[in-house]
Amino acid sequence: MVLGTGGTIAGTAASASDHTGYTAGQLGVQHLLDAVPGLNDTLHGAALVCEQVAQLDSKDMDHATWQKLAQRCTHWLAQPDVGGIVITHGTDTLEETAWFLQQVLHTTKPVVLTCAMRPATALAPDGPQNLLDAMAVVLDPMARGVRVVCAGRIHRARDVQKVHPYRLDAFSSGEAGPRGWIEQGRVRWADPGSWPVAHVHARQVLTQPTADWPWVALLHNHAGADARQVHALVAAGVQGLVVAGTGNGTVHQSLLTALSEAQTQGVAVRLVTRCAEGQIVGQAAALQTAPLGLNAYKARVSLMLDLIVA
Ligand code: SIN
């Protein structure tokens, strides 16, 4: 199965040399597949079916689309003759969607998200190669769980992060490194053994109206950080706050006081580091550290899922 959601991979520009002034999410997923040379060779006789789940620029990704995507994945993964799913997605929030899906899909079949940094109309688009690589990963017998494929590398949902706004190889797994590589259509795994674990109450997430999902917001610590943003969010009814602390999870004194008060009022607060690599070591600040060394965006997803079932 190939599920389309939009993104630059489905984007079009007025000129083939334009890599930035394009509109994302314009071409249907069947159109994208038709533009991949050599796809039949990669498929080795496997059938390919596609479905357009959404058509958006992923900066506009929302919880309703996440739920629909997870429902369609759940449906297709339950079919015995479906071996796996490729999802075409914009790069901007891809890491959040990947982490969300890993938390809510109970499957050992592979679900591979892929993308492009150049629109489909570019002189040398990267989307067709990424799609071909994603297909090779889904068809690999060692593939399982949610993975991200971009620029010849395979990433875990937990580790992957967009680290560059423009270059083709825009994703990194930081210190963890990629889970594997696609070389001339063949997959080489760095560590074939690690199975992802889904969120324990994931099924509830697929059925609860997204309008009822808890509001979890993200704050950053920085020089001159101001407690008024916490006060405003709490007054507006926020239910969870993820705070990207400086360094080893340090938080400006005025922000920390406001966050402690918010906790007392029932707001769930989780701390991460705003550093691009590494994770908080030991007990930082008087706030609970988010699990697994997640980045701020994925910690927001996890806290929201925790609060849905709390
Ligand atoms: C998007 O995230 O949908 C647009 C940007 C991209 O795919 O690179």
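Q: Which cut-offs define a buried residue, and what share of the 310 residues in the chain is buried?
A: A residue is buried when its relative accessible area is under 20%, exposed when over 50%, and partly exposed in between, with a 1.4 Å probe and protein chains only. In this chain, buried residues make up 51% of the 310 residues. The model is predicted, so local features need pLDDT of at least 70 and side-chain atom pairs count only at pLDDT 80 or more, whereas totals for chains, interfaces and linings use all residues. Residues are numbered from 1 along each chain as its sequence is written, and side-chain values use heavy atoms, with hydrogens and water left out.

Q: How many helices and strands does the chain have?
A: Helices (H or I, at least four residues) and strands (E, at least two) are DSSP runs, numbered from the N terminus. There are nine helices and 14 strands here. The chain is as compact as a globular protein of its length, because its radius of gyration of 20 Å is close to the 19 Å given by the globule rule for 310 residues. That radius is taken over C-alpha atoms, and the rule is 2.2 Å times the number of residues to the power 0.38. The C-alpha trace spans about 60 × 45 × 35 Å along its principal axes.

Q: What percentage of the contacts between residues at least 6 apart in sequence join residues at least 24 apart?
A: A contact means heavy atoms within 4.5 Å. Among contacts in the chain between residues at least 6 apart, 72% join residues at least 24 apart.

Q: Which strands pair with S6?
A: Two strands pair if DSSP finds at least two bridges between them. Strand S5 (residues 145-150) pairs with S6 (residues 153-156) in the antiparallel sense over four bridges; Val 149 has Ile 154 as its bridge partner. Two residues lie between the strands of this hairpin, where Ala 151 takes a positive phi near 55°. S6 also pairs with S9 (residues 180-183), in the antiparallel sense over two bridges. There, Ile 154 has Gly 180 as its bridge partner.

Q: Is Thr 65 buried or exposed, and which residues does Thr 65 touch?
A: Thr 65, found in helix H3 (residues 63-77), is buried, with a relative accessible area of 12%. Not counting residues up to four places away in sequence, Thr 65 touches Ala 54 and Leu 56.

Q: Where is Thr 93 found?
A: Thr 93 is found in the loop between strand S3 (85-88) and helix H4 (94-104). This residue is buried, with a relative accessible area of 12%. Leaving aside residues up to four places away in sequence, Thr 93 touches Ser 58, Lys 59 and Met 61.
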